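Please read them with the structure open.

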Amino acid sequence: MKKKELRRADFITSILLLLFSLWIIVETLKMPMKDTFGGVQNVWYVSPALFPLIISIFIMILGAVLFLHSIKTGGAKYFLDNFSLRYKGLSEKNIRFIGILLALLTFVYLDIPRIDFFISVTLFLTYFISVFYFDDKDLLKKLTLFYFIGSIIFIILFVFDISKIINSYYGYFIDILALFFYLSYVIYSWRKVRNNQIYKKRLVLSLLVAIITPLILCPTFRYFLLVPLPKEGLIIQFMHNIYYFLK
Amino acid sequence: MFIFEQLYIFFQQIFILIANPINVLILFGSVLLGIIFGAMPGLTATLGVGLLTTLTYGMDTSTSMVALLAIYVGAIYGGSYASILINIPGTAAAAATALDGYPLACQGKAGKALGLTTTASAIGTFIGMLFVITIAPLISAFALNFTSFEFFLLAFFGIIISGTLTSQDLVYKGWIAGFLGLFLSCVGRDQLQFYPRFTFGLTELDGGINVVPVLIGAFGIPQIIQMLRDKITSGEAKRFQRILPEFTEILHHFKDIIRSALIGVGIGAIPGIGEDIAGWVSYGAAKNSSKHPERFGKGELSAVISTETANNSCIGGAMIPLLSLGVPGSPPAAMLLGALLLHGIQPGPMLIYDHPLFIPQVGAILLLASFAMWITGMLLAKQVIKVLRIPPPVFMPVIAVLCVIGSYSLGLQIFNLYLMVPIGILAYFLTEMEFPIAPLVIGVILGPMADASLRRALMVSKGSFLPFITRPVSLILILVILLMVVSQIPWFKILTKRILNRMFSRKIDKNIS
């Protein structure tokens with residue numbers, strides 16, 4: 001980050017820090033200071049509020065120092081001069097950042113708790129590797145949009161409990177739907193890169209890594225380290241069947 | 001007598017460890033894994049130790065320590081590969097190595113440089129190990145006199161010094177990061193009264209924030225985001241024929257090695273200061289003491305030797321406060337602390353009584369790891385550098401999956417992941433705004449100790465703060481903390497500068513007269 005931008009960021013951070021420290025103080029003041037808690041008569045120096053209160057005071061002081069420094073060095077002025085609510089478009093770096101966040105957030109908050117772990121990892125890796133390995137802004141935009149729309153459909157299914165209703169008919173329905181989404185992503189990206197030999201190779205490599213990684217990780221964690229996977233659905237159950245059949 | 005007893009136990013531990021072939025296998029495997037982790041730009045020693053912690057959960061303590069220390073040693077050394085061959089430091093610890101390592105590679109001396117760094121790193125680790133087995137028990141014995149007053153100030157001191165020395169922009173940004181870490185440590189039920197603090201009614205937060213997922217998030221996710229967002233790629237690696245140990249060259253630079261090893265141990269022993277700073281300080285010291293400082297930056301062998309000796313000896317240094325005081329000396333040592341707690345070992349002054357063999361065992365593992373590192377480096381360097389060809393967009397997402405499964409497998413809680421991601425994103429933004437992450441992590445780790453110690457201390461003194469200044473060690477700690485804080489104030493800087501100028505000008509005047 002350039003110095004000017006850094007000072008502008010300092011200005012915003014310092015305000016956030018001051019608000020944050022205020023919030024901590026408000027929260028700590030709700031904690032027992034001299035009242036009884038769990039039958040114990042409190043004194044101020046044993047209170048659970050003491051330590052967070054000290055921390056909040058330090059954060060507030062340091063936040064204020066940062067605030068003053070950002071004003072002195074022109075950070076506040078730079079922020080106010082360049083403040084605009086008008087949409088200026090996204091730079092490639094920011095699109096990449098959105099792509100990374102989309103991959104991480106959907107993987108952790110959407111897929112892992114609800115979709116078979118093997119499928120979750122494959123889906124995540126296929127998107128995450130291919131979209132950055134192509135190193136093409138246009139493809140990055142299109143594939144991210146495709147993945148985003150797919151994720152929105154899943155969010156709707158989960159938020160309105162439609163997934164539960166569907167799964168009550170067939171236990172692995174959501175896993176099959178996720179597999180379908182994975183296949184459609186692969187087909188969509190294949191169609192986008194079919195005229196470019198280098199991109200085609202990159203897509204194949206992405207798909208290979210996306211399959212091989214869970215193929216190694218899932219049995220290692222499940223059978224060697226005895227770690228039950230977050231969600232054991234269609235594929236993991238199939239893996240169990242093979243494992244116990246061979247055993 | 002005490003030192004001889006320690007040495008006896010130390011050699012005994014070496015034999016016990018190498019008598020088990022599984023340990024030897026894990027030792028070499030982890031060192032190799034560490035070298036790969038260190039060599040790949042974007043993957044750090046801290047992340048390597050963190051990810052391996054999750055795999056060693058089911059192992060016994062000594063085997064898991066073999067794995068974790070071996071990967072730590074291997075990763076710090078492995079950073080030099082990318083520094084020398086592609087001019088991109090594999091780890092921050094090897095950043096100073098790139099300054100002269102890459103020019104050496106350009107001169108066709110990559111094999112020679114790697115040979116020297118391999119031997120220097122092994123010697124550095126060995127010297128660090130010597131300090132662990134001799135100094136750590138003595139500090140532990142001394143720290144037995146510490147009471148809650150000292151432990152509170154020690155935690156505070158750790159955050160302030162780590163914030164001061166790791167901050168690249170404004171010093172107080174490091175302190176802010178440290179206090180944010182302390183705040184995170186407050187989340188959950190407090191240790192004395194079990195009152196829920198900042199839990200938002202979530203039962204998952206009652207036990208507090210798990211340290212290992214926080215560490216993996218704070219060190220792993222920012223790396224992933226940075227590498228992919230900024231399109232950081234590894235360049236074409238320089239070719240080399242074979243690696244030679246270059247013992248005569250090493251003997252020629254013996255003075256540099258000893259000086260750098262001592263710098264490394266000293267810096268490692270300061271809480272929260274990592275191998276990167278050891279490397280830079282050692283580089284500066286080597287340049288200042290060199291007869292040919294103008295050669296630095298153009299491929300000077302002593303520069304490469306100094307930085308690599310210092311960053312590896314820093315490992316031993318970082319283990320000293322970790323084992324004797326329970327305060328991690330570097331970010332990977334913070335990960336190790338998390339691993340030790342998972343295995344039911346509480347580092348600190350009581351360690352020499354609760355687990356009397358543990359410190360010599362750590363020393364023995366460090367010695368074996370330095371041997372394993374040397375052998376692996378000499379034999380497999382050519383194969384290892386092939387990993388540099390893997391493009392970051394391919395391996396970074398795989399690392400993300402490892403971070404996720406690693407965090408989940410500790411405690412089998414998906415909630416760990418829900419915490420890991422936002423902490424990782426927060427750490428990324430903090431890094432972008434030049435807030436150091438090490439103090440934040442140190443804060444999370446030392447927070448519970450600071451909180452409980454402060455309240456216990458005040459309970460003993462019935463609310464009086466007077467013992468903080470009447471007890472000698474706590475008074476020293478307070479003075480050091482105050483000095484560090486005051487030294488950042490402009491008028492104090494001007495005042496000290498004037499005093500120093502006057503002192504030196506008098507000396508110069510005297511010399512002239």
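1. From its N terminus, chain A runs α-β-β-α-α-α-α-α-α-α-α-α, that is, ten helices and two strands. Helices (H or I, at least four residues) and strands (E, at least two) are DSSP runs, numbered from the N terminus. The model is predicted: local features need pLDDT of at least 70 and side-chain atom pairs count only at pLDDT 80 or more, while totals for chains, interfaces and linings use all residues. Residues are numbered from 1 along each chain as its sequence is written, with chains lettered from A and ligands numbered from 1 in the order in which they are written.

2. Chain A is more spread out than a compact globule, because its radius of gyration is 25 Å, well over the 18 Å that the globule rule gives for 247 residues. The radius is taken over C-alpha atoms, and the rule is 2.2 Å times the number of residues to the power 0.38. Along the principal axes, the C-alpha atoms of chain A fill a box of roughly 65 × 55 × 35 Å. Of the 247 residues in chain A, 34% are buried. Buried here means 20 or more other C-beta atoms within 10 Å of the residue's own; exposed means 12 or fewer, and partly exposed is in between, with C-beta atoms placed from the backbone.

3. The domain assignment, which is automatic or from a database, divides chain A into domain 1 (3-81) and domain 2 (92-246). The centres of these two domains of chain A, taken over C-alpha atoms, are 41 Å apart. Among contacts in chain A between residues at least 6 apart in sequence, 73% join residues at least 24 apart; two residues are in contact if their C-beta atoms, placed from the backbone, lie within 7 Å.

4. Chain B has 22 helices and two strands. Its radius of gyration is 23 Å, close to the 24 Å that the globule rule gives for 513 residues, so chain B is as compact as a globular protein of that length. The C-alpha trace of chain B spans about 75 × 70 × 55 Å along its principal axes. Buried residues are 60% of the 513 in chain B. For contacts in chain B between residues at least 6 apart in sequence, 79% join residues at least 24 apart.

5. The contact between the chains takes 52 residues from chain A and 45 residues from chain B. On the chain A side, the elements giving two or more residues are α1 (3-29), α2 (50-72), α4 (92-111), α5 (117-133) and α9 (197-224). Helix α2(A) gives the most, with ten residues. By class, the chain A side divides into 45 nonpolar, four polar and three charged residues. Ala, Val, Leu, Ile, Met, Phe, Trp, Tyr, Cys and Pro count as nonpolar, Asp, Glu, Lys and Arg as charged, and the others, Gly among them, as polar.

6. Leu62(A) lies in helix α2 of chain A and is buried, with 24 other C-beta atoms within 10 Å. Leaving out residues up to four places away in sequence, Leu62(A) touches Tyr172(B), Trp175(B), Ile176(B) and Phe179(B). Leu18(A) is 44 residues from Leu62(A) along the chain, with 8.8 Å between their C-alpha atoms.

7. Chain B is assigned domain 1 (2-470) and domain 2 (471-513). Their centres, over C-alpha atoms, are 32 Å apart. In chain B, 16 residues of domain 1 are in contact with eleven residues of domain 2. On the domain 1 side, α7 (148-166), α8 (171-186) and α20 (467-470) of chain B each supply at least two residues, and α7(B) gives the most, with nine. That side has 13 nonpolar, two polar and one charged residues.

8. Helix α14 (residues 331-342) of chain B has twelve residues and reaches 17 Å from its first C-alpha to its last, close to the 16 Å expected at 1.5 Å a residue, where the expected span is 1.5 Å times one less than the number of residues. Ten of the twelve residues of α14(B) are buried, so the helix is largely enclosed by the rest of the structure. The cover over these buried residues includes α3 (45-55), α4 (61-86), α9 (211-229), α13 (301-325) and α19 (438-460) of chain B. After α14(B) comes Gly344(B), whose phi is positive, near 80°.

9. The largest nonpolar core has 228 residues, of which Leu69(B), Val73(B) and Ala369(B) touch the most other members. Such a core is a set of buried Ala, Val, Leu, Ile, Met, Phe, Trp, Tyr and Cys residues joined through C-beta atoms within 7 Å. Helix α4(B) supplies the largest share of this core, 17 residues. Beyond its neighbours within four places in sequence, Ala369(B) is in contact with Leu27(B), Val31(B), Leu69(B), Ala70(B), Val73(B) and Thr125(B).
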